[in-house]
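Colleague: I'm new to this one. Can you walk me through the model?
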Amino acid sequence: YIGGGMYYMPKGEALENALRDAAIWDTYTGDNIQALARQYKLTEQRIYQILAEQRALHKKRVQPGLFD
């Protein structure tokens, strides 16, 4: 509990994946999908999925909802 609210702290593989996904988002330049797939030993399709998830998270942090 932090400040009276519950927070989820990922552990193990979930934490490693979250850190990996954030690193992929940070190093994505728009034209390096193949290089990221090779670097992280993932398929290009998975890189696109991770980027979509990270883009949604980024948008949620930067641009709050209209009725939030």
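Colleague: What does the accessible surface of the protein come to?

Modeller: About 5800 Å², and 56% of that belongs to carbon and sulfur atoms. Areas come from the Shrake-Rupley method with a 1.4 Å probe, and for residues only the protein chains shown count as cover. This is a predicted model: local features need pLDDT of at least 70, side-chain atom pairs count only at pLDDT 80 or more, and totals for chains, interfaces and linings use all residues. Residues are numbered from 1 along each chain as its sequence is written, and side-chain values use heavy atoms, with hydrogens and water left out.

Colleague: How many helices and strands are there?

Modeller: The protein has 3 helices and 0 strands. From the N terminus, the order is α-α-α. Helices (H or I, at least four residues) and strands (E, at least two) are DSSP runs, numbered from the N terminus.

Colleague: What share of the residues counts as buried?

Modeller: 16% of the 68 residues. Buried means under 20% relative accessible area, exposed over 50%, and partly exposed in between, with a 1.4 Å probe and protein chains only.

Colleague: Let's take α2. Which residues are buried there?

Modeller: Ile33, Leu36 and Ala37, in a helix that spans residues 33-40. They cover an arc of only 100° around the axis, which puts them on the same side of α2. The arc is that of the directions from the helix axis to the C-beta atoms.

Colleague: Which residues are exposed on the other side?

Modeller: Arg38 and Gln39.

Colleague: And what do the buried residues of α2 pack against?

Modeller: α1 (12-27) and α3 (44-62). Just after α2, Lys41 takes a positive phi of about 55°.

Colleague: Which residues make up the largest nonpolar core?

Modeller: There are 7: Ile24, Ile33, Leu36, Ala37, Ile47, Ile50 and Leu51.

Colleague: What is Leu51 in contact with?

Modeller: Leaving aside neighbours within four places in sequence, Leu51 is in contact with Ile24, Trp25, Tyr28 and Ile33. Contact means heavy atoms within 4.5 Å.

Colleague: New topic. At what angle do the axes of α1 and α3 cross?

Modeller: Roughly 85°, and they come within 9 Å. α1 and α3 are therefore roughly perpendicular, a label for angles of 65 to 115 degrees. Among the residues that meet there are Trp25 in α1 and His58 in α3.

Definitions and conventions: A nonpolar core is a set of buried Ala, Val, Leu, Ile, Met, Phe, Trp, Tyr and Cys residues joined through side-chain atoms within 4.5 Å. Axes are lines fitted to C-alpha atoms, for helices over the stretch in contact, and angles run from 0 to 180 degrees between N-to-C directions. Angles under 35 degrees count as roughly parallel, over 145 as roughly antiparallel, 65 to 115 as roughly perpendicular and the rest as oblique.
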